[in-house]
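Subject: Structure handover

Hi there,

Here is the structure I promised to pass on to you.

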Amino acid sequence: MDKTKKRKIFSVIGKIIIILVFAIITITTAKAHEPWSDEAQSFLIAKDSSFKEIFTQAKYEGTTPLWFLIIKFFLLIGGSYETFFILPIFFSILGVIILEFKVKAPWYIKLLLPFTYFILFQYSVVARSYCMLFPALMWIASVYRDRGEHLISYCLALLFLMSICSFSMVIASSLFLIDIIKIWKEKVCTKRNIIFCVIIALGLLGTFLIILPAKDCSFTPGSSSSIFHVVYQATVGSQKDSLLASILVTLVVLCTIIAAIFKEKDRKWKAINLLILFIPVSAEVLLIAPQIWHIGNIALLILTAFIINGMIINNRIIQIFILVVCTFQIGWSAVSVCYELNNNYSGSKDSAEFIKQNHYEDRIIYGLGFDITALQPYFDRNIFKNQNTAKRYWLWKKDNGYIQDDTLVDLDDDAIFVISGINLESFRNIYDKLKEKGYQEYYFSGQMFAKTYICEPKDYYILTK
């Protein structure tokens with residue numbers, strides 16, 4: 001056997017080992033993971049809704065219905081809440097397979113990338129629609145350089161990407177804009193390209209109309225953030241409150257990218273390309289949803305942008321940049337996995353088990369705050385009387401009929417109250433009145449962990465006489 005064949009065999013074996021190690025780590029961690037309210041919300045929408053209702057409900061969730069539909073099919077073939085963790089891992093492993101066997105990148109980057117924080121933990125262990133973003137972007141990266149020859153595959157990849165969430169729709173729009181500019185610039189308005197443009201344009205229009213919020217939607221965007229915070233968190237930053245570090249890192253990242261662009265032959269086009277890719281989705285993250293799981297979209301987009309522009313192959317500056325980012329993020333992955341294996345990401349399961357053990361589900365229970373949704377998958381019906389609906393998921397409607405004020409305290413002296421930790425201050429008046437009336441408190445711990453810090457409480461207070 002010659003050396004070339006031996007290298008190929010060792011290369012394939014090495015890639016398979018990477019995929020297997022990735023699968024073992026993610027499966028082990030995901031089995032220990034306790035889903036929180038956003039994960040439960042998606043599951044319950046799929047479980048408690050018809051296919052038609054899923055499309056209606058998507059307009060109240062600020063996202064596309066694809067994730068709900070996938071969960072629906074998963075349930076139809078025998079899936080359950082206990083096996084829900086399989087879905088994000090499936091998509092993540094698919095992304096790693098494409099990265100290893102189809103994407104052109106240095107071997108050391110292929111070795112490290114699967115174990116970075118957003119790929120290994122945030123989009124594999126946590127079951128949300130963003131788990132589909134990595135395989136979609138890797139699919140695009142695998143065909144992008146020769147997309148003219150693989151137009152059908154590229155078209156399907158873009159349609160899949162835009163169907164994942166609002167962020168991915170913006171990324172798909174940016175890629176489509178680049179394609180239009182390229183077609184116009186190179187004057188290649190062939191029949192195939194025109195059909196491609198029509199299909200993608202209709203896909204984007206349809207996706208936009210599907211996710212356009214309903215008039216009575218009560219869901220509101222999160223607080224805005226700074227570009228320094230987003231770049232810092234997407235690359236090497238672990239503490240969200242370090243303003244000086246955020247500014248310094250952002251300047252270093254920008255200078256690195258500019259220096260890398262100047263090493264490229266077609267630097268002007270690549271600069272325009274990167275601006276078109278980053279500005280729209282960055283603006284969406286900055287102004288609407290700068291949470292860590294949304295910032296991960298920027299991290300994956302940075303990687304994909306360097307791949308599709310060929311900068312990850314020959315540009316030493318970009319290679320060093322990616323290696324530095326990988327080093328930091330692999331450390332976060334290790335810390336996050338260790339935390340997950342030894343602590344509760346959410347106190348919802350323990351709270352539900354406490355209710356079941358004491359047969360409280362047969363009594364009147366009032367739930368306060370959106371995060372009480374995380375308890376609902378453990379029961380076969382809506383356990384919260386003040387939600388006044390057969391649906392177990394939270395209805396983000398202005399007129400949903402939910403009672404969330406202190407009139408609940410006097411409705412029934414034998415009622416049980418569940419308050420999520422993050423909402424405790426909002427319902428402090430109710431909490432204090434219940435304590436005055438002699439209610440006993442039971443506390444169930446849970447903390448949402450991101451990188452190296454606890455970013456949000458996911459604990460619960462159950463008050464009963």
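Predicted model: local features only at pLDDT ≥ 70, side-chain atom pairs only at ≥ 80, totals over all residues.

The largest pocket has a volume of about 1,300 Å³. It is lined by 46 residues, and those closest to its centre are Asp-38, Glu-61, Arg-128, Phe-219 and Thr-220. Helices H2 (37-48), H4 (66-76), H10 (166-186), H11 and H15 each give two or more residues to this lining, with H2 giving the most, four. By class, the lining of the largest pocket holds 22 nonpolar, 17 polar and seven charged residues.

The second largest pocket comes to about 490 Å³. Of its 24 lining residues, Tyr-144, Arg-145, Arg-147, Lys-182 and Glu-186 are the closest to the centre. At least two residues each come from H9 (151-162), H10, H11 and H14 (267-287), and H10 gives the most, with six. The lining of the second largest pocket divides into 10 charged, nine nonpolar and five polar residues.

**The cavity**

Searching the whole structure gives one cavity of 30 Å³ or more. H7 (117-122), H15 (292-308) and H17 (316-342) each supply at least two residues of the lining, and H17 gives the most, with five. The cavity lining has 12 nonpolar and three polar residues, and no charged ones.

**Salt bridges**

There are 15 salt bridges in the structure.

Another pair is Lys-270 with Glu-264, where the closest N and O atoms are 2.5 Å apart. Lys-270 counts as buried at 7% relative accessibility, and Glu-264 is buried at 12%.

Arg-363 and Asp-414 also meet in a salt bridge, at 3.0 Å from N to O. Arg-363 lies in the loop between H18 (348-357) and S1 (365-368) and Asp-414 in the loop between S1 and S2 (416-420), so the pair ties together parts that are 51 residues apart in sequence. Arg-363 is partly exposed at 24% relative accessibility, as is Asp-414 at 42%. Finally for the charges, salt bridges with shared partners join Glu-264, Asp-266 and Lys-270 into one network.

**Surface patch and a strand residue**

On the surface, Ile-194, Val-198, Leu-202, Leu-205, Phe-208, Leu-209 and Leu-212 form a nonpolar patch, with about 640 Å² of accessible area together. Leu-202 sits in H11 (191-211) and is exposed, with a relative accessible area of 55%.

Ala-450, in strand S4 (447-450), counts as buried at 1% relative accessibility. The C-alpha atoms of Ala-450 and Phe-121 are 9.3 Å apart, although 329 residues separate the two along the chain.

How values were computed:
Residues numbered from 1 in each chain as written. Heavy atoms only, no water. Patch = residues over 30% accessible without salt bridge, like charges linked within 9 Å, V, L, I, M, F, W, Y side chains within 5 Å. Areas by Shrake-Rupley, 256 points an atom, 1.4 Å probe, with all protein chains shown as cover. Salt bridge = Lys/Arg side-chain N within 4 Å of Asp/Glu carboxyl O. Buried < 20%, exposed > 50% of the residue type's maximum accessible area, 1.4 Å probe, protein only. 1 Å grid on protein atoms, 1.4 Å probe; cavity = no way out; pocket = protein on both sides within 12 Å on 5 of 7 lines; lining within 4 Å. Points joined across faces, edges and corners; volume = space filled by probe spheres on them. Nonpolar A, V, L, I, M, F, W, Y, C, P; charged D, E, K, R; others polar.
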